[in-house]
Amino acid sequence: MKKPSIVSRYLFFEMIPPFGVTLVFFTFVFIMSSLLELTNLIVNYRIGMGTVLIMLFYSVPYFLEFVIPMAVMMGVLLAFLRMSSDNEIIALKAGGVSIYRLLPPALVFCLLGFFATAAVSILALPWGKTAFKKTLAEVGTRHVDVVLKERTFTESLPGMMLYINRVDLKNRRLVDVFIEDRRKKGLVSTIVSPEGRLFRSEDGSSARLRLFDGTIHHADLAGQTVHFLRFDVYDFTLDLKTAARNLAGSAPDEEEMTVSELLQFVRQSPEKNERYYKILIELHERFSIPFACFALGLLAVSLGLQPMEGQRAIGLLFGLMFFTLYYIMLIMGWAFAESGVYPPALAMWLPNLVMGAIGAFLLVRTARERPMRIDSLLMAALHLARRRKGFPRRRILRGRR
């Protein structure tokens with residue numbers, strides 16, 4: 001096996017520090033975005049710090065699925081930008097090193113990122129989602145308030161559907177409560193109350209929901225009769241243990257399913273409904289996002305080799321712009337594929353094809369000594385924006401003053 005050259009080893013190790021910094025930084029950013037919700041669990045629901053940290057750990061794979069490709073792109077981009085700004089690329093070209101000879105270490109780095117992202121997407125993500133749901137179910141048996149979400153239909157309670165407009169945690173008060181009770185066969189009871197309070201039993205197996213000044217509509221499906229009554233105070237019992245079991249054992253959503261389960265569902269689905277398209281989108285996403293490491297990595301190599309004024313700053317800005325464009329295309333593809341506008345496979349793979357094509361185009365032009373001054377496009381856009389906002393034109397004096 002041929003040993004990698006000194007240049008290849010040097011370039012490969014140049015990519016590691018910016019990759020690590022980017023990975024840690026954006027993981028921290030995603031965690032901080034969940035900080036408000038975590039603080040809410042600790043302060044208002046009195047959930048222990050250990051349980052919250054475990055739930056946060058189970059959520060990390062969802063972040064890493066997108067952070068790793070971005071970190072790979074930034075690692076490759078910053079390595080090439082540094083070498084370009086320090087004229088090391090020019091020195092290598094003067095020494096007879098072709099641009100294409102700089103690709104192998106970058107591709108190896110992207111390959112490692114691909115394996116890491118694939119492990120997170122295919123293995124860690126469904127495991128983390130499933131473990132998070134089980135932990136949430138266990139927390140719900142001890143803190144029923146966690147299960148009762150504002151403006152959300154809760155269907156984990158056996159034979160019931162519960163909706164609460166607002167939850168006042170300080171006073172343990174529920175505002176605008178709606179309950180549909182189907183626990184008795186052939187009888188549907190609809191309970192509406194403007195206010196309620198929640199009391200938990202001593203053994204933690206159940207909770208009592210006390211409602212005030214509400215109405216009850218009993219619909220007897222067999223006898224086709226409806227009864228209506230008003231109440232001043234009405235106590236309603238919630239079976240928390242059964243609700244927790246129902247939540248933990250409920251049908252998994254697409255993010256909780258393994259690849260084999262996704263494939264089995266697609267093959268055995270009797271009709272192509274909304275659920276079918278969501279599963280198919282998730283299946284393609286599990287593989288398209290790992291391959292984004294190659295598409296974004298190739299684009300990063302091309303951007304890092306482009307001649308620019310203010311090499312590092314402008315190059316980094318373009319890198320963030322292209323990654324944002326990739327993410328927007330992914331979100332739009334998800335929305336269009338879910339609505340059936342175009343096939344899920346195209347929706348999930350098109351961002352990779354677009355980013356890879358742009359990277360290949362720029363790389364070929366650079367290798368032929370015909371690079372594109374993409375920074376001039378940015379400067380032209382800024383100049384045009386300045387003129388449209390009414391800023392005075394500035395003359396650039398050249399030559400003698």
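The model is predicted, and Phe336 is found in its helix H10. Show what surrounds this side chain. Leaving aside neighbours within four places in sequence, Phe336 is in contact with Val341 and Tyr342.

Next, select helix H1 (residues 6-33) together with helix H3 (residues 49-85). They pack at an angle of about 140 degrees, and their axes are 6 Å apart. That angle makes H1 oblique to H3. The crossing of H1 past H3 is right-handed. By class, the residues in this contact are 23 nonpolar, three polar and two charged.

Now go to the largest nonpolar core, which has 52 residues. Colour Met15, Val76, Phe80, Leu102, Val301, Tyr326 and Met355, the residues with the most contacts inside it. At least two core residues come from each of H1, H3, H4 (88-94), H5 (103-142), H9 (274-305), H10 (311-338) and H11 (344-367). Which helix gives the largest share of this core? It is H3, with 13 residues.

Not counting residues up to four places away in sequence, Leu102 touches Val7, Leu11, Phe80, Ile89, Leu92 and Val97.

Finish at another core, which lies apart from the largest one and has 16 residues. Leu162, Ile179, Ala207 and Leu211 are among them.

How values were computed:
Residues are numbered from 1 along each chain as its sequence is written. This is a predicted model: local features need pLDDT of at least 70, side-chain atom pairs count only at pLDDT 80 or more; totals for chains, interfaces and linings use all residues. Side-chain values use heavy atoms; hydrogens and water are left out. Axes are lines fitted to C-alpha atoms, for helices over the stretch in contact, and angles run from 0 to 180 degrees between N-to-C directions. Helices (H or I, at least four residues) and strands (E, at least two) are DSSP runs, numbered from the N terminus. Angles under 35 degrees count as roughly parallel, over 145 as roughly antiparallel, 65 to 115 as roughly perpendicular and the rest as oblique. A crossing is left-handed if the near helix is turned anticlockwise from the far one by less than a right angle, and right-handed if clockwise. Ala, Val, Leu, Ile, Met, Phe, Trp, Tyr, Cys and Pro count as nonpolar, Asp, Glu, Lys and Arg as charged, and the others, Gly among them, as polar. A nonpolar core is a set of buried Ala, Val, Leu, Ile, Met, Phe, Trp, Tyr and Cys residues joined through side-chain atoms within 4.5 Å. Buried means under 20% relative accessible area, exposed over 50%, partly exposed in between (1.4 Å probe, protein chains only). Contact means heavy atoms within 4.5 Å.
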